[in-house]
Amino acid sequence: MPGKKTTSKLTEENKKIAELSPNKEDSNGEYINTNTGVRINDDHNSLKAGDRGPTLMEDFIFREKMTHFDHERIPERVVHARGSGAHGVFKVYESMEKYTKAGFLTDTTRETPVFVRFSTVAGSRGSTDLARDVRGFAVKFYTEEGIFDLVGNNMPVFFIQDAVKFPDLVHAVKPEPHNEIPQAASAHDTFWDFISLMPESTHMIMWLMSDRAIPRSYRMMEGFGVHTFRFVNASNESFFVKFHWKPLLGVHAVAWDEAQKISGKDPDFHRRDLWEAIESGNFPEWELGVQIVPEADEFKFDFDLLDSTKIIPEELVPVQRIGKLTLNRNPDNFFAETEQVAFHIGHVVPGIDFTNDPLLQGRLFSYTDTQLIRLGGPNFQEIPINRPIIPVHNNQRDGYMRQTINRGRTSYSPNSLGGGYPIQSKAAEGGFTSYTEKIDAKKVRERSRSFFDHYTQAKLFFNSQSTPEKQHMIDAFRFELGKVETVAIRERMLGILTQVDRDLTAQVAYGLGLEAPAGPEQPVNHGVPADADQAHYEPFPPKDPVPDISLALSMANTVKDSISTRKIAILAADGADAASINGAKSALEAAGAVVEIVAPHLGEIVTNDKSLVPVDKSFLTAASVFYDALYVAGGVTSAATLEADADAVHFLNEAYRHCKAIAAHAEGKQVLEATYFANKLPEDDSEESALMEGVVVQNDIDRLSQIFITAIAQHRFWEREKPRRVPA
Ligand code: HDE
């Protein structure tokens, strides 16, 4: 049923997992041997002329081992190098046959295997998960009709309109070429130099400066196909379609200060979170959404459907939720699966086709090309993770690392010696036919004028944010541009921001110590060729967007109905009240949260009733930034210890600064009184005053747990940031 959460654990092997089985190796209980299968007698010493003599060339065992090691690395992805993957399944709720003939979207009985890879864009393979960046959201569907890759991002628009600018964009954002600084960050001169000269990036920059760029978890991000694609049905009718992924846990972010601290304390934060959720059976889920536009409506909007710097506001075309993606299995081997998986926007199946979006068209070239260098040749499709679940028959042969042993004499068509096989299939037999779009055009190097309004949707995005979200964007601009050393670049960006919002510009300008430009200036449009007729390139006057705001654009409007998989730390020390720990722990766990006991030392704490509670982390091995909420246990001795412990108090101060829900048993209140937010403790024990600040102090454990759970589900109390009195 649409929207229904899966509680059952999916344990059965899907077809792709079964197909991968013959390639799996498990050394358990086995003898070690060489790649030629010869058993090895000594894996600890190389062959030498005497025990103190030189190593011999003859040592084929040593040479084989070392040679393989020397060649272990492949080039990392030029973008999206840092990523994490998982297996899963997709199921459509109701047949979409009215719009598409794609089998995985029409057959409601099918469970289509998928492999998903999430990524950051700019950083290297070893960089931090919490960089302020776009996140990749690439899904490989292993369908019965072949592979469909939906290679999307967690933001619905892109920086540029034409693929020819992609190398420039990536060169600008990557570490600067002379000194390779900074890693995994856009806060530097070359990026903002480029952006300030590319007004078309303004909408995307709004998203990038928003909290979408610092997700709490991959499991709590939306995904978007970005381009407008085509659905084609069995009668060869076409519809424009935009793809969305809607996470059932809602869309949530961390605070920027939190992100930076996590980057130091646990750069694998998102990778670990995804891994642990799947290992513990909390399978991440998203619903696939589609916005469908009939062909007849192609020119209905005041933006161009082919322009990837634009969304279709959900108020104009609602998102229909048509199926569910569940990630239910971690990879067995990071390199073999997550690193070698090769996505390509050109991997489509009958029923899905392309549009003329110039960004999409360019990607169609780039993805195969990049796999050729990255994976070393044309046979990358034969790597286990990249193989379809149906057999491949064609006349492609040979090349580096060929795996398939093609039988027979013929590798050409037409042939008579091979009986004419393999043969083509008619559309009715499943043969892919490209949509017969009529094109009657002059060959030009131009951009359509319908692509020229760069600001209306940037404004729509900014205006749709809540007050704390707007403040976060102002802070992000101040941070990023503050790291830019060239003042002229900062000024040029302020010029662009004037096109979006006067107050935003003024606030950013203040943070940079600059004057806000007097009024909107039209920056030069650098999509214009050198010898162009300027009149043709006059931008369209910006039109007012149909909606003034779009609720879907603000994360403040996301679902906040669950604390499932949220991480909560119980702060306790020796002498803690056992009931206050156990009661809260079981209530939180019953609501789906993951609870850890954090104490001054590892091992166990001895409670007031002399029972032993195992400690998960000490203040040294944990940090408040790893948790969504904190709870201070009862017990006067424990409270006295924590109150006197600077690390415990810092834990609380920091969590408060990051706007997290905090609770204390009444006996632990003195610990909160030692913090910077002592004057923010609830005035009475009503639920209302607790939920105002997200600080719960109660004596009754059941009542405490119930109010605390409601508070945690709010995710963060962003309003709390305003006074900014907490220097943690
Ligand atoms: Fe990509 N992109 N991209 N991209 N992209 C790559 O392919 C490229 C774009 C996206 O987890 C590369 O295998 C061009 C938009 C994801 O393995 C490369 C253009 C969107 C991933 C490439 C774009 C994406 C990539 C690098 C402009 C969102 C990671 C390694 C025309 C809709 C997939 C690789 C994974 C990876 C090219 C723009 C998403 C070089 C030329 C827009 C999620 O081929």
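**Entry 1: helix H12**

What covers the buried residues of helix H12? I started here, keeping in mind that I am looking at a predicted model. Helix H12 runs over residues 487-497, and I found Ile 489, Arg 490, Arg 492, Met 493, Leu 494, Ile 496 and Leu 497 buried in it. Their cover includes helix H4 (189-196), helix H5 (202-208), helix H11 (467-482) and helix H13 (502-512). I noted that two arginines, Arg 490 and Arg 492, are on the buried list.

**Entry 2: around the ligand**

Next I looked up the ligand. I read that 25 residues surround it, and the closest are Arg 77, His 80, Gly 136, Ala 163 and Val 226. The elements giving two or more residues to this shell are strand S2 (112-120), strand S3 (135-143), strand S4 (146-153) and helix H9 (358-374). Which of them gives the most? It is H9, with six residues. I also sorted the shell by class: twelve residues are nonpolar, ten are polar and three are charged.

**Entry 3: a record to compare**

I checked UniProt, where an unreviewed entry places the feature "domain: Catalase core" at residues 33-421. Over residues 33-421 I found 20% helix and 19% strand, with the end C-alpha atoms 41 Å apart.

**Entry 4: the domains**

I then wrote down how the protein chain is divided: domain 1 (32-40 + 49-72), domain 2 (83-162 + 193-386) and domain 3 (562-721). The centres of domain 2 and domain 3, taken over C-alpha atoms, are separated by 37 Å. Their contact takes eleven residues from domain 2 and ten residues from domain 3. On the side of domain 2 that touches domain 3, H6 gives the most, with five residues. By class, that side of domain 2 has four nonpolar, two polar and five charged residues.

So much for the contact; I wanted a closer look at H6 itself. Helix H6 covers residues 256-265, and in it Glu 258, Ala 259, Lys 261, Ile 262 and Ser 263 are buried. These buried residues pack against helix H7 (269-279).

**Entry 5: the largest nonpolar core**

Last, I looked for the largest nonpolar core, which has 180 residues. Which members touch the most others? I listed Ile 570, Leu 571, Ala 572, Leu 630, Tyr 631 and Phe 708. The largest share of this core, seven residues, comes from helix H19 (residues 701-713). Domain 2 and domain 3 each give at least three residues to the core.

I followed up on Phe 708. Leaving out residues up to four places away in sequence, Phe 708 touches Tyr 631, Ala 661, Ala 663 and Val 696.

Notes. Residues numbered from 1 in each chain as written. Predicted model: local features only at pLDDT ≥ 70, side-chain atom pairs only at ≥ 80, totals over all residues. Near = placed C-beta within 6 Å. Helix = DSSP H or I, 4+ residues; strand = E, 2+ residues; numbered from the N terminus. Nonpolar A, V, L, I, M, F, W, Y, C, P; charged D, E, K, R; others polar. UniProt positions renumbered as here; feature names shortened; annotations may be inferred. Core = buried A, V, L, I, M, F, W, Y, C linked by C-beta atoms within 7 Å. Buried ≥ 20, exposed ≤ 12 C-beta atoms within 10 Å, placed from the backbone. Domains from an automatic or database assignment. Contact = placed C-beta atoms within 7 Å.
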